[in-house]
Amino acid sequence: MKNFKLLVMGHLLFMTIGVLAQQTSKNRLFQTESDSLMIAYSKTTNIVFPFAIKSVDKGSTDILVQKAKGLENILQVKAAQRGFFQTNLTVVTADGKLYSFVLGYDEDFPQLNLTLNKTKPDGQEIYFSDEIINDQDIEEYSKLALYDKKKLRGQKESKYDIDFRLNGIFIRDEVMYYRIKITNNSKINYEIDQLRFFIRDTKKIKRTASQEIEITPIYILNDIDKIEAEAENIFVFALPKFTIPEKKYLAIQLMEKNGGRHLEKHVKNTKLVQVTVLPKL
């Protein structure tokens with residue numbers, strides 16, 4: 001009986017060592033880094049990663065994130081809501097490393113730049129996107145989209161005497177052009193703080209992290225930051241070509257600077273079939 005007990009104990013010890021070895025091996029395959037970061041509503045924080053950014057997930061819609069235009073390893077972060085509750089940000093880079101940040105709010109003393117360069121003593125490299133875009137052509141196609149007579153129906157959001165309308169979607173080569181008309185019917189000037197594009201989940205399971213991808217414009221025609229009282233402006237946003245996956249939608253978010261007149265328009269994939277191909281220059 002004594003020998004049997006020793007045999008069982010030896011077997012359990014061997015299994016425990018095996019499990020610990022497997023866990024150690026898995027941890028080596030996917031390294032993690034964690035940090036805390038204070039961000040602000042009126043200032044942008046730049047996080048520079050050692051490698052290109054492959055995935056971004058934020059724990060709350062109270063923060064805004066985007067990759068710096070034309071760059072692959074710089075993430076820009078700011079608060080979408082003043083005084084937000086502490087939340088988190090998760091980033092995966094091309095070297096397979098997982099970065100987790102705890103984000104807090106500090107309007108007066110946010111951290112403006114954070115360089116995560118622990119493996120490259122010679123200085124941080126900047127990774128440019130592989131896409132080569134002819135800026136002049138994009139500007140000309142944006143003008144074609146502006147004056148094209150074809151219009152989308154039923155894509156209007158109205159609130160606070162502000163009409164927010166998507167009235168045209170166009171495409172040429174690898175670029176899509178979204179024509180947006182903002183009409184200020186009120187007697188108060190509307191100062192634009194943000195006008196952004198996100199791909200979001202149609203349904204959000206309770207207590208799960210918000211899943212959204214921001215699409216950054218390549219170029220904006222008629223880019224102004226204020227709509228005068230009882231006036232209007234038509235923008236054309238040139239965006240990298242994309243489609244909207246099943247069970248997701250495109251959110252176009254308009255936010256007022258130092259105000260509360262915020263509007264948001266949702267676009268489903270069925271509207272993309274109405275896209276107009278612009279004639280070649």
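Begin by selecting Glu230, which sits in the loop between strand 15 (226-227) and strand 16, where strands are DSSP runs of E of at least two residues, numbered from the N terminus. The model is a predicted one, in which local features need pLDDT of at least 70, side-chain atom pairs count only at pLDDT 80 or more, and totals for chains, interfaces and linings use all residues. Residues are numbered from 1 along each chain as its sequence is written, and side-chain values use heavy atoms, with hydrogens and water left out.

Glu230 has a positive phi, near 55°, in a residue other than glycine, and Glu230 is exposed, with a relative accessible area of 56% (exposed means over 50%, buried under 20% and partly exposed in between, with a 1.4 Å probe and protein chains only).

Next, select Tyr160, in the loop between strand 9 (156-159) and strand 10 (162-172). Tyr160 is not a glycine, yet its phi is positive at about 60°, and at 42% relative accessibility Tyr160 counts as partly exposed.

Now turn to the second largest pocket, with a volume of about 500 Å³. Of the 26 residues lining this pocket, the closest to its centre are Gln66, Gln194, Leu195, Arg196 and Ile220. A pocket here is an open set of points on a 1 Å grid over the protein atoms alone, where a 1.4 Å probe fits, with protein on both sides within 12 Å along at least five of seven lines, and lining residues have an atom within 4 Å of a point; its volume is the space filled by probe spheres set on the points, which are joined across faces, edges and corners.

Finally, select strand 12 (190-201), one of the strands that supply at least two lining residues each; strand 12 gives the most to this lining, with six residues.

How values were computed: Helix = DSSP H or I, 4+ residues; strand = E, 2+ residues; numbered from the N terminus.
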